[in-house]
Amino acid sequence: MKKTLLVVIGLVFSFISCDSSVDIESRASIISKDFVKERLNYPATADFGWDTVWTPDYLDENRGTLLKKFTAKNAFGVPIEYVYKIDIRYLGGEWTDTSNWTYDYLIIEEVQSRKQHYYTPNR
């Protein structure tokens with residue numbers, strides 16, 4: 001128990017003391033949720049899990065492809081499971097500002113029906 005507490009305290013201090021400890025994968029995961037919510041009919045009902053699959057672009061360290069599952073309620077209040085895939089790129093500047101990010105495509109798929117919705121950014 002003591003070791004676990006020390007590890008947790010160490011992790012907390014490492015996140016507090018250095019903003020750079022949040023890597024591009026984590027930042028892209030956070031920002032991509034905003035892009036997904038822009039496309040949902042009921043964005044307030046979206047519940048994103050923690051699991052993310054990240055494939056970095058080895059030619060551009062600020063770019064990669066992200067896969068993530070989430071649930072959101074439909075018009076009848078029924079939760080629907082989705083998965084999304086986004087090719088996302090950080091442009092520089094304050095990373096929490098979505099205008100400093102772009103994506104080539106966003107695909108949101110309903111898991112059960114496999115119906116896909118394909119989006120490109122409004123440029």
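Modeller: This is a predicted model, and in it the buried residues of α2 pack against β1, β2, β3 and β4.

Biologist: Which residues of α2 are called buried?

Modeller: The buried residues of α2 are Arg 27, Ala 28, Ser 29, Ile 31, Ser 32, Phe 35 and Val 36. In the protein chain, 29% of the 123 residues are buried.

Biologist: Why do residues three or four places apart in a helix point the same way?

Modeller: An α-helix has 3.6 residues a turn, so residues at that spacing point the same way.

Biologist: What makes Asp 23 a cap of α2?

Modeller: A side-chain oxygen of Asp 23 is 2.9 Å from the backbone nitrogen of Glu 25, at the N-terminal end of α2. The cut-off for a polar contact is 3.5 Å, so a pair at 2.9 Å qualifies.

Biologist: Which residues touch the most other members of the largest nonpolar core?

Modeller: Phe 70 and Tyr 84 do, in a core of 22 residues. The elements giving two or more residues to this core are α2 (24-39), β1 (47-56), β2 (63-73), β3 (79-90) and β4 (101-110). With 5 residues, β3 gives the most.

Biologist: What is Phe 70 in contact with, leaving aside neighbours within four places in sequence?

Modeller: Its contacts include Val 36, Leu 40, Phe 48, Ile 80, Tyr 84 and Ile 108. They are called contacts because heavy atoms come within 4.5 Å.

Biologist: Why are β1 and β2 called paired strands?

Modeller: Pairing needs at least two bridges, and 7 bridges join β1 to β2, so these strands pair. They run antiparallel, and a hairpin joins them through 6 residues. Thr 52 stands opposite Lys 68 in β2.

Biologist: How many bridges join β2 to β3?

Modeller: There are 11, and β2 and β3 run antiparallel. By the rule of at least two bridges, these strands therefore pair as well. Lys 68 stands opposite Tyr 84 in β3. The hairpin of β2 and β3 has 5 residues between the strands, and there Gly 77 takes a positive phi near 85 degrees.

Methods: Residues are numbered from 1 along each chain as its sequence is written. This is a predicted model: local features need pLDDT of at least 70, side-chain atom pairs count only at pLDDT 80 or more; totals for chains, interfaces and linings use all residues. Side-chain values use heavy atoms; hydrogens and water are left out. Buried means under 20% relative accessible area, exposed over 50%, partly exposed in between (1.4 Å probe, protein chains only). A nonpolar core is a set of buried Ala, Val, Leu, Ile, Met, Phe, Trp, Tyr and Cys residues joined through side-chain atoms within 4.5 Å. Helices (H or I, at least four residues) and strands (E, at least two) are DSSP runs, numbered from the N terminus. A polar contact is a pair of N or O atoms within 3.5 Å; within protein, one must be able to donate a hydrogen and the other to accept it, and residues adjacent in sequence count only if both atoms are side-chain atoms.
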